[in-house]
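Here are my notes on this one, jotted down while going through the model. Have it open while you read.

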Amino acid sequence: MNNSSEKIALGCDHAAYQLKEQVKAHLKALGLELKDFGTFDESSVDYPDYAFFVGKAVVSGECSRGIVLCGTGIGISIAANKIPGIRAALCHDLFTAQACREHNNANVLALGARVLEPQLALEIVDVWLKTEFAGDRHQRRLDKITGIEDTCAVEHAQELANIVQEQKN
């Protein structure tokens, strides 16, 4: 983990606010720079908003990686993965934290506050941060994922062009 170049984006919903604060304190203790997109209390909010904020910060390069949290981690990881270029991995153990970095170069870690003990969550964060991408055959697979994203973007653009053309007629 190269602390000098790491800036981590954080985002969560109300269910994960307390765990996010623990993760934030842990990351600060490691000397990492942070961008906290909220939420900032336990008032009810919608997790897709925070997945979007974190995901956009990562794909834009404002942050090198992101951590998103909600009650189970499922919803916020689904939302984050809608952003082209995001590879969000929901992890519940140390093996998946390592594998998602080594094999998938996951740039966003998703955690579930209602399903993880805080100490395990912090250990998952540590493994995820220190694990490097293995490259090689795994890069070929990531290139295929990018190809899927690109194909869907082109198809979506064509659908939008057709709608605009129909509206002009």
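1. Start with helix 2: its buried residues pack against strand 1 (7-12), strand 3, helix 3 (74-80) and strand 5. Packing here is contact, meaning heavy atoms within 4.5 Å. Helices (H or I, at least four residues) and strands (E, at least two) are DSSP runs, numbered from the N terminus.

2. Before going on, the ground rules: this is a predicted model, where local features need pLDDT of at least 70 and side-chain atom pairs count only at pLDDT 80 or more, while totals for chains, interfaces and linings use all residues. Residues are numbered from 1 along each chain as its sequence is written, and side-chain values use heavy atoms, with hydrogens and water left out.

3. Which residues of helix 2 are buried? They are Tyr50, Ala51, Val54, Gly55, Ala57 and Val58, with buried meaning under 20% relative accessible area (1.4 Å probe, protein chains only). Looking down the axis of helix 2, these buried residues fall within an arc of 160°, so they line one face of the helix. The arc is taken over the directions from the helix axis to the C-beta atoms.

4. The length of helix 2 (residues 47-60) checks out: 14 residues at 1.5 Å a residue should span 20 Å, and the end C-alpha atoms are 20 Å apart. The expected span is 1.5 Å times one less than the number of residues. Just after helix 2, Gly61 has a positive phi of about 90°.

5. Now strand 5 (residues 108-112): 5 of its 5 residues are buried, so the strand is largely enclosed by the rest of the structure. Val108, Ala110 and Gly112 cover one side, and Leu109 and Leu111 the other. In a regular strand the side chains alternate between the two faces of the sheet.

6. Who are the partners of strand 5? Strand 3 (residues 65-70) runs parallel to strand 5 and is joined to it by 5 bridges, with Val68 opposite Ala110. Strand 4 (residues 88-90) is also parallel to strand 5, through 3 bridges, and Ala89 stands opposite Leu109. Pairing takes at least two DSSP bridges between two strands.

7. Last, take a look at Thr131, in the loop between helix 5 (118-130) and helix 6 (137-168). Thr131 is buried, at a relative accessible area of 8%. A polar atom of the Thr131 side chain lies 2.6 Å from the backbone oxygen of Val127. Leaving aside neighbours within four places in sequence, Thr131 is in contact with Gln98, Arg101 and Glu102.

Conventions:
Buried < 20%, exposed > 50% of the residue type's maximum accessible area, 1.4 Å probe, protein only. Polar contact = N/O pair within 3.5 Å; in protein donor to acceptor, adjacent residues only side chain to side chain.
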